[in-house]
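Please look through the sequence and the structure below before reading on.

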Amino acid sequence: MDKLIHAMAKEGSVRIIAAETTALVNEAVKNHNTMPTATAAYGRMLTAGAMMGSMLKGEQDSVTVQINGGGISGGILITGRSEGRVKGYIVNPDADMVHNDLGKLNVSGIIGLDGKLTVITDLGMKEPYVSSVPIYTGEIAEDLAYYYTVSEQTPSAVALGVLVDVDGSVMKSGGFIIQMMPGADEMLADLITYRLEEIPSLTTLLRDGNSILEVLQFIFEDMDLQVLTEGTPVLYCDCSRDRVEKAFISIGEEELTKLYDENKEEELVCHFCNKKYNFTHIDIGNLLQEIRKH
């Protein structure tokens, strides 16, 4: 069962967002038929998006995260909303590489290091807030920690893990974001850093049967861990035929007329969920009539 947790420790000195996203990521990678390394990278981004979105207050608020380092993945984009709803896509779902020197899926290899991590936060103001940082490691978790520390001046530790089975399915997926609040004791930050360095990896802890809450209890033992909220992260897509029609119309009357005159049919595919929308010759003719009415 997927879970999304907001918690605090040491009387509010530490903010914690954590998620188990195995079902969510499995659904997403099946939609996109990703290769193993692409699965790991895409799953990490979706997990991050669910957690980052859950930090937002308003139902219409959103955070979009894009990472593109010039690697064969072509880049990954995700959008998270409040309550842990997330959607996203990887440009090249076939991106795959031999394992890295540690014998693990080479996520940084397919992401690349020549590019940026960009975060766009839309709180319904006139302009969204856009911030970018150079890609730090291409492993995604460290890049997000670097973003929070440099761009938002919030010292953070981020862990993201996706354990891919031999059949390409996701055995376990999850993550956490740990942030020091203003005025927190530096010794506390050092202690948490030390614990994170000493414990097994997140995927190992999840694979061994620990829930995401048990992982947090393990990290924050004797630190007065308090769970504030529990929910479920959800993969969503807000595409619809109406939206796709509007996008199709945006190519212009001239292009649509050309398609109609050539008796063509078109199939448009949603980037996020891979749903296909078919437009027959008659459909294209109807769209042209709509344009000419206005």
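Which strands does helix 7 lie across, and at about what angle to strand 2 does helix 7 run? In this predicted model, helix 7 (residues 212–219) lies across strand 1, strand 2, strand 9 and strand 10. Its direction is at about 150° to strand 2.

These strands belong to an open sheet of 5 strands with antiparallel pairing, in the order 8-9-2-1-10. Strand 8 (156–164) and strand 10 (226–231) are at the edges and have a single partner strand each, so one side of each has no neighbour in the sheet. From one strand to the next, the twist averages 10°. Within the sheet, strand 2 (residues 14–20) and strand 9 (residues 170–180) run antiparallel and are joined by 7 bridges. Ile-17 is opposite Ile-177 in strand 9. Helix 2 (residues 36–53) also packs on the sheet, where it touches strand 1 (3–9), strand 2, strand 8 and strand 9. The direction of helix 2 makes about 140° with that of strand 8.

Strand 6 (residues 116–122) pairs with strand 3 (residues 62–68) in the antiparallel sense over 7 bridges, and Asp-122 in strand 6 is the bridge partner of Ser-62. Strand 6 also runs antiparallel to strand 7 (residues 129–134), joined to it by 6 bridges. Here Thr-121 stands opposite Tyr-129. Strand 6 and strand 7 form a hairpin with 6 residues between them, and Gly-124 in the turn has a positive phi of about 80°.

Thr-203 is located in helix 6 (residues 202–207). Its side chain makes a polar contact of 3.3 Å with that of Ser-201. Leaving aside residues up to four places away in sequence, Thr-203 touches Gly-161, Val-162 and Leu-163.

Note on methods
Residues are numbered from 1 along each chain as its sequence is written. This is a predicted model: local features need pLDDT of at least 70, side-chain atom pairs count only at pLDDT 80 or more; totals for chains, interfaces and linings use all residues. Side-chain values use heavy atoms; hydrogens and water are left out. Two strands pair if DSSP finds at least two bridges between them. Helices (H or I, at least four residues) and strands (E, at least two) are DSSP runs, numbered from the N terminus. A polar contact is a pair of N or O atoms within 3.5 Å; within protein, one must be able to donate a hydrogen and the other to accept it, and residues adjacent in sequence count only if both atoms are side-chain atoms. Contact means heavy atoms within 4.5 Å. Axes are lines fitted to C-alpha atoms, for helices over the stretch in contact, and angles run from 0 to 180 degrees between N-to-C directions.
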